[in-house]
Every structure is written in structure tokens, then in C-alpha cells.
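Let us take a walk through a protein model together, one step at a time. Have the sequence and the 3D view ready, and turn the view as you read.

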Amino acid sequence: MTNIIEANDVTKLYGKNTALKNFSLTIKEGECFALLGKNGAGKTTFVKSLLGLIHFNEGELKLLGKSVGDKSSRMSVSYLPEKFSFYPYYTLGAVCEFYAKLKGVDSSDIKPQVGAALERLGISDLMNKKVKECSKGQLQRTGLAATLIGDPKLFILDEPYSGLDPIAIKELQDLLSSLAAEGKTIFINSHGLDSVEKVCKNIAILDKGELVVQGEMKSLLGEKNLLDFFYEKVGQ
Amino acid sequence: MSFSNISVIFTNTITKEWRSKTLLFLLIVNVIILLMAGGFLSVVNKEVLGSMNLDSLAQKTVGVFFLIINFWSFLVSAFFGVGVVRSDSEEGVLPQLLAFPISRGEYLTGRVLGTWAIVMLYYIISLAMAIGGVYMAVGSFAFSAGLVSGLLINAIPNLVVIILGLRVSLNFGKIQSFILVMLMVFFVYISNTVYQGVSLSEAMDKMTFMRGLGFLIYWLVPHISYWGECANELIMGNAFSEGGLREATHLILSGVILGFITYLGIKRKEI
């Protein structure tokens with residue numbers, strides 16, 4: 001299977017602080033992967049490096065086989081930040097249309113794709129509602145709907161469960177499971193262990209910028225649950 | 001460079017900026033000033049200058065209005081230049097935008113051109129109102145080819161101020177950036193006035209730190225005042241200022257330098 005994400009000895013420094021230290025990771029096509037770690041472990045730094053939002057100091061980072069410095073590496077990638085936000089006066093439909101245009105979707109396909117994405121997230125009735133009138137949950141669903149547009153191969157979700165109510169968490173888990181079943185690669189960056197345990201088959205744990213462990217969740221955990229395993233690795 | 005990416009960002013810039021309450025406020029203030037000036041001129045025309053050539057008066061009045069509009073357009077350029085990328089950053093939209101397959105150069109180009117379009121629209125509306133005001137005040141229509149040429153030429157200093165504002169806002173807050181840009185424009189104007197037509201040997205004579213700084217600004221930053229004066233001359237129906245070819249060459253070179261410095265600023269920015 002093709003490598004979708006490849007990180008080789010990536011180091012990122014913020015002044016004298018090391019955010020990532022010789023970090024290496026490989027994620028293959030079709031995997032549902034969770035990068036776990038405490039707050040400040042370097043998870044978001046890694047995601048931002050992947051998307052070319054920040055510049056790492058050393059190492060090599062590839063997305064879909066291309067260096068992250070090349071904008072075309074993000075061609076089939078959808079990104080959902082922890083707090084999805086947009087200009088307050090845009091309607092949710094217009095937000096998705098804007099995303100579709102930036103993803104290079106054909107103009108004739110924009111309306112159908114936006115409609116289908118909003119429908120899948122159960123918010124098609126909110127198409128004409130403005131961003132400033134939406135709750136956090138509605139906005140997060142809009143962000144998720146926007147990520148579906150353009151038929152991406154890879155979903156990068158930064159703390160996707162943050163601030164969601166239990167119903168929304170369950171719905172998100174179902175959505176991610178169905179995307180995984182469609183063969184999409186999913187990369188979740190999270191410290192919410194319960195939620196990722198139900199969706200992801202592969203995990204890596206990051207602590208103080210260094211990779212602690214990576215592998216298939218079942219074989220790593222054995223009889224333990226993820227919380228105990230996580231605590232054992234980084235809790236001390 | 002992808003034209004379609006630039007086009008999407010350009011359209012988005014106009015969509016997000018035209019709703020600005022500050023633009024509306026500036027436009028209203030501008031209208032009030034123009035109306036007051038128009039009313040005053042109307043009274044002067046009826047009571048004092050009844051026998052004066054109306055075409056000449058109309059031309060001069062447009063010149064006065066142009067100075068007012070020119071000043072306001074610098075304020076508007078600085079305001080939007082400072083805010084256009086800063087607001088993306090503050091609203092948390094910037095990382096989302098740059099996570100798309102869009103280069104920072106395309107993002108920057110779309111934002112600059114969109115802002116420029118907004119400022120020029122404001123400028124054209126203001127000028128149209130000034131012409132209307134003159135017509136109402138003195139009963140003569142002041143439209144000319146020089147007016148259109150002047151308008152086009154004044155787009156140059158506006159673009160320079162927008163890029164300066166955008167560059168400064170990458171490192172400073174909105175208010176600090178706005179003040180800094182207005183100070184920079186002021187210093188550029190002074191250096192342009194002091195060093196206009198001064199040879200290198202004359203400039204090197206009695207060189208001090210401040211004079212050196214002024215000289216550096218004169219050579220590195222596009223000559224805002226020259227192009228503003230050119231536009232003013234054309235609008236007033238006078239001949240084009242001297243040294244056009246030299247100034248155009250300088251504009252292209254210094255414009256490329258300013259654009260490159262701004263591009264480097266956004267390329268290196270960690271988001």
C-alpha cells in the first residue's frame with residue numbers, strides 16, 4: 001500500500017524549545033490513525049508541519065508522496081482544525097462553496113457536492129444560515145461537511161471531538177467509520193482517548209516531541225484499555 | 001501561479017471587505033466633506049465669482065476635491081492593507097485557507113488585488129461625487145481624459161500603501177501597523193520632496209545618518225508623491241510631470257523589491 005504520510009527525523013524548534021525531536025512516522029493508504037499525546041506534546045506542531053503552515057528545522061516530510069513544501073501535496077487532503085471558523089456573514093452553503101472552489105471542484109459539480117456534503121452531516125436545512133448565527137456544534141459539522149467536498153484521499157482532523165456533545169461525538173464516530181470503510185485515510189490528532197479507541201485501528205503516542213510508541217492498537221493494548229496504556233506510557 | 005486560486009481569493013477579499021463599517025464610515029465622512037466644500041463653493045460662485053470662467057473654476061474645484069479624496073484614499077489603502085491578512089489571522093481562517101493546495105504567493109496576490117479593487121472603487125465613487133458636486137456648485141461638467149488618466153495613475157500610490165500596510169501588519173498589531181504605515185508614508189513623502197532631482201554626488205555631500213536614511217528610502221520605496229502629483233496635474237488639466245521614463249523604471253524596480261520583501265514576509269510566517 002502507498003505511504004500517505006511519511007515523516008523522517010523531523011525536528012522543529014521554537015527558539016530553545018524542542019517541539020518535535022527526530023520524529024518519524026509512516027501512515028499507509030486506508031489507515032485510520034490517531035496521534036495521541038498530552039497537551040503540548042507536539043501533535044499540533046506535527047499537523048501544521050504536514051500542511052506547510054510552519055517550517056520544520058530538520059528532516060523530511062511527505063504527503064501523498066510529495067514534499068510538504070509543494071502545494072500539490074495538499075491536492076487530495078482535507079483539514080479540519082480544532083476550532084473551525086469562517087467569516088461571520090457567510091452562509092453555511094457559501095462556506096462549503098468557497099471550499100469547493102479552492103479545492104478546484106468543477107463549477108457544475110459545486111452545488112451537488114455541497115448539497116450532498118451538508119446532507120451527509122444532517123445540516124442541509126441550515127444551508128442559508130449565517131456562520132454568526134450558528135452554534136459551535138453546527139459550525140463544527142459545517143467544517144466536517146466542507147472536508148468531504150472534492151473527494152479527498154486523506155482527512156486530517158485536529159482534535160475533532162473537542163467541544164462536541166455526546167450525540168455529535170457518536171455521529172462523528174459513525175461518519176469516520178463510514179469514511180474508513182470507503183477506503184479513505186484518516187489522521188486524527190487527539191487527546192480524547194475514548195473517542196478514537198472506537199474508530200482508529202492504528203495509533204502513535206507522542207511525548208515531549210518524541211515518538212513513544214506506534215503500531216496497531218489491538219496488538220499494542222493486549223488486555224489493557226487505551227487509557228491505562230496511555231497512562232503507562234506518558235503518565236509518569 | 002494558479003489564476004483560479006488567485007481569482008477565488010480576490011473575490012473572497014472583496015466579499016469580506018466591502019461590508020467593512022470603517023469603509024462606510026470613511027465614505028460618509030468623505031461625502032460630508034465634499035458636500036460642505038461643494039456648498040461653500042456654490043455660495044462663493046454665486047456671491048463673489050459670478051463673472052469668472054466656469055470651466056476653469058470647475059477644473060480648479062475638482063483639483064481641490066482631488067486633494068481631499070487623495071488623502072482619504074491613502075487612509076483607506078492603509079486601513080485595508082493593514083487589515084486584509086491580519087483579520088484572517090485573528091478570525092482563525094488563515095490556517096484553513098493555507099491548508100488548501102494554494103501557495104502563499106497566490107494568497108498574497110489575491111488579497112492585494114482584491115484590496116486594491118475595493119480602494120479604487122471607493123476612489124472612483126468619491127471622484128464621481130466630487131464631479132457631481134462641482135456640477136451642482138458651478139453648473140459645469142468637469143469630465144476630461146486627464147481625469148481618467150489621473151485616476152488610473154493614482155492607483156499606483158494606493159497600491160504601494162496597501163502593500164506597505166500588509167507587510168507591516170505581518171509583524172505588528174492593527175493599530176500599531178496603521179500608525180507605522182502612515183508615518184512611513186509621511187517619511188516617503190518627505191524623502192521624495194527633499195531628494196527629487198538631487199544627484200548622487202549632491203546627496204552624498206554633507207551626508208548624515210538621517211539624510212542617509214532619507215536617501216535610502218528615496219531609492220528603495222516607490223515615489224508615492226511623484227505619482228500622486230502626476231495624477232493631480234492630469235486631473236487639473238496640466239502637462240504630465242517631467243522624468244516619466246526614469247520614474248517608471250524606478251517604480252518597476254522598487255515595486256518588485258517591495259513585492260518581494262512582502263512575499264518573503266508571508267512565506268516565512270509561521271501560522
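Two strands count as paired if DSSP finds at least two bridges between them. With that in mind, look at one such bridge: A:Gly37 has A:Leu206 in β9(A) as its bridge partner. The model you are looking at is predicted, with an ipTM of 0.90 and a pTM of 0.89.

In which order do its six strands lie? The order is β6-β7-β8-β3-β9-β10, and the sheet is open, with mixed pairing. At its edges stand β6 (77-80) and β10 of chain A; each has a single partner strand, so one side of each is left without a neighbour in the sheet. From one strand to the next, the twist averages 15°.

Now follow the sheet strand by strand. Strand β7 (residues 154-158) of chain A pairs with β8(A) in the parallel sense, over five bridges. Here A:Leu157 stands opposite A:Ile188 in β8(A). Strand β3 (residues 32-37) of chain A also runs parallel to β8(A), and five bridges join the two. In this pairing A:Phe33 is found opposite A:Phe187 in β8(A). Moving on, β3(A) and strand β9 (residues 202-207) of chain A make five bridges in the parallel sense.

The next pairing brings in the other sense: β9(A) and strand β10 (residues 210-216) of chain A run antiparallel and are joined by six bridges. Two places to look are A:Ala204, whose bridge partner in β10(A) is A:Gln214, and A:Asn202, which stands opposite A:Glu216 in β10(A). The hairpin of β9(A) and β10(A) has two residues between the strands, and A:Lys208 takes a positive phi near 50° there.

Let us return to β8(A) for a closer look. Are the residues of this strand buried or exposed? Strand β8 (residues 185-190) of chain A is mostly covered, with six of its six residues buried. To be called buried, a residue needs 20 or more other C-beta atoms within 10 Å of its own. In a regular strand the side chains alternate between the two faces of the sheet.

Together, β7(A), helix α5 (residues 166-181) of chain A and β8(A) make a right-handed β-α-β unit. In the loop between β7 and α5 of chain A you will find A:Glu159, which has a positive phi of about 45° although it is not a glycine. A:Glu159 counts as partly exposed because it has 19 C-beta neighbours inside 10 Å.

Chain A holds another open sheet, of four strands in the order β2-β1-β4-β5, with antiparallel pairing. Its edge strands are β2 (17-28) and β5 (66-67) of chain A, each pairing on one side only. Strand β1 (residues 3-14) of chain A and β2(A) are antiparallel and share eight bridges; within this pair, A:Asn3 stands opposite A:Lys28 in β2(A). Strand β2 of chain A is also the place of A:Asn22. A:Asn22 has a positive phi of about 45° and is not a glycine. With 15 other C-beta atoms within 10 Å, A:Asn22 is partly exposed.

Where do the two chains meet? In the contact between them, 19 residues of chain A touch 18 residues of chain B. On the side of chain A that touches chain B, helix α2 (residues 92-102) of chain A gives the most, with three residues. The residues of that side divide into 11 nonpolar, three polar and five charged.

Finally, turn to chain B, whose mean pLDDT is 84, with 90% of its residues at 70 or more. Which of its elements has the lowest mean pLDDT? That is helix α2 (residues 21-47) of chain B, at 74, while helix α4 (residues 94-98) of chain B has the highest, at 93. A last stop is B:Leu264, in helix α11 (residues 244-268) of chain B. B:Leu264 has 13 other C-beta atoms within 10 Å, so it is partly exposed. From C-alpha to C-alpha, B:Leu264 and B:Asn192 are 26 Å apart in space, and they are 72 residues apart in sequence.

Key: Residues are numbered from 1 along each chain as its sequence is written. Chains are lettered from A and ligands numbered from 1 in the order in which they are written. This is a predicted model: local features need pLDDT of at least 70, side-chain atom pairs count only at pLDDT 80 or more; totals for chains, interfaces and linings use all residues. A residue is buried if 20 or more other C-beta atoms lie within 10 Å of its own, exposed if 12 or fewer, and partly exposed in between; C-beta atoms are placed from the backbone. A crossover is right-handed if, with the strands pointing away from the viewer, the path from the first strand over the helix to the second runs clockwise. pLDDT is the predictor's confidence in each residue, from 0 to 100. Axes are lines fitted to C-alpha atoms, for helices over the stretch in contact, and angles run from 0 to 180 degrees between N-to-C directions. Two residues are in contact if their C-beta atoms, placed from the backbone, lie within 7 Å. Ala, Val, Leu, Ile, Met, Phe, Trp, Tyr, Cys and Pro count as nonpolar, Asp, Glu, Lys and Arg as charged, and the others, Gly among them, as polar.
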